[in-house]
Amino acid sequence: MTAGQCLAEGAAGIALLHMETGNTGAVFAMLEQAVAGGVSTAEGAGLYYGAPALSFVLGTCDQPGLAKAKATAAAGTATVTRRRLDAAHRRIDQRHRPSYAEYDLISGLTGLGVVLRRTGDPDLLGDVLTYLVRLTEPLGALPGWWCRHGPGRDRPAAAGGHGNHGIAHGITGPLALLALTHLDGIRVEGHAEAIIRILRWLDDWQRHTGDGAPWWPQTLTTTELDRAESAQPGPLRPSWCYGTPGIARVQQLAGRSLGDTARRRTAENAFSGCVNDPAQRARLIDPGLCHGTAGLLATGRRMAADALTPMAFPSLASLHQRTAPVSDGGPAGLLTGAAGAALAAAGTETSWDACLLLC
């Protein structure tokens, strides 16, 4: 893999920061670095790598000199998307269970849908949405998104697979894209019904802290399903990727898409509950977007902008500043490094955070 074309860690993601700050020279330098080894349309290509990553970065860039690069990246994205859709439908036809890499934000078809939404390809985006609708349909006794494998490479595989609720790798990623496109007016057959199916599942697994704030387990196993109880005793790290903040933002978007005021209030209470809890905030020890204070800050801005009533919580900008790196030497990239931390701190009003499914 060519590291430069990685949105998470490479030059492609750093280019987003320079676009935000208007540093055109640095943008071109980062893009040249990103494409130096070619642009991948191989199996691993997705929102965070290869042609789709470049297409996302270039999606709103109107520099004349980048027109050919935009067209090349868009064509590569279409090729990848069609290939992945064909494979996903074959898998469903055979009634096999998916890996989350088939459908998730980081590597899967949800992420490819994010790119198509940004670049303006409604027909192919509609095909992705049709697949996501199909993904929500039950496969045997379990939901169609239930993964055949365990929740992570650093954890033992769970017998019977697992269900994943995180926005980065779980079903709330597809839910966010379904909700956002529904709000955009880009809709397919069964669209609202798919949103409702996912929400009913999340409602069944909604839990509450001692203070009454909602939260959701990050993952589930078949053992937990059989017991109708999560082994997770309470909310964990309040991260964008797996924690309450990301899930709450998706619930807020879904509530907006369906005109469900009660759901929006529940989502806003969940977010406020986690950021007002010193014990949860203390679990954030790095400034990154994925699982650090930048992700909480970026999510909080979007939550507050769409809130039904003003949201009261500690200064997230101050929290982020206190965890910012004090010296060079750490990762420079978007998802876990300095570029993402700087983008969140800048507080810009553009849609760079669409790659996080926040808007």
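Before the first stop, a word on the labels: UniProt positions are given in the numbering used here, and such annotations may be inferred rather than shown by experiment. Keep in mind, too, that this is a predicted model.

**Stop 1: the annotated site.** Select C241, C290 and H291, which an unreviewed UniProt entry annotates as "binding site". These positions are spread over 51 residues of sequence, yet they cluster in space, with a largest C-alpha distance of 6.1 Å.

Zoom in on C241 to start. You'll find C241 in the loop between α10 (222-227) and α11 (244-258). Is C241 buried or exposed? C241 has a relative accessible area of 6%, so it counts as buried. Leave out residues up to four places away in sequence, and C241 touches G166, I167, A168, C290 and H291.

Now click on H291, in the loop between α13 (278-281) and α14 (293-306). H291 comes out as partly exposed, since its relative accessible area is 25% and buried means under 20%. Show what surrounds H291: beyond the neighbours within four places in sequence, the contacts are R237, S239, C241, L284, D286 and T336.

**Stop 2: W240 and the core.** Step back to W240. Setting aside neighbours within four places in sequence, W240 is in contact with L105, I167, A168, G246, L289, C290, G295, T299, L335, L356 and L358. Which residues touch the most other members of the largest nonpolar core? Pick out L7, L47, Y48, F56, Y131, W240 and L356, from a core of 106 residues. Then colour helix α7 (residues 122-135), which gives the most to this core: eight residues.

**Stop 3: helix α3.** Next, select residues 51-58, which make up α3. Eight of the eight residues here are buried, so the helix is largely enclosed by the rest of the structure. Run along it and you pass A51, P52, A53, L54, S55, F56, V57 and L58.

**Stop 4: S272.** Finish on helix α12 (residues 261-275), where S272 is found. S272 is buried, with a relative accessible area of 14%. Ignoring residues up to four places away in sequence, select M311, A312 and F313 to show what S272 touches.

Methods: Residues are numbered from 1 along each chain as its sequence is written. This is a predicted model: local features need pLDDT of at least 70, side-chain atom pairs count only at pLDDT 80 or more; totals for chains, interfaces and linings use all residues. Side-chain values use heavy atoms; hydrogens and water are left out. A nonpolar core is a set of buried Ala, Val, Leu, Ile, Met, Phe, Trp, Tyr and Cys residues joined through side-chain atoms within 4.5 Å. Buried means under 20% relative accessible area, exposed over 50%, partly exposed in between (1.4 Å probe, protein chains only). Helices (H or I, at least four residues) and strands (E, at least two) are DSSP runs, numbered from the N terminus. Contact means heavy atoms within 4.5 Å.
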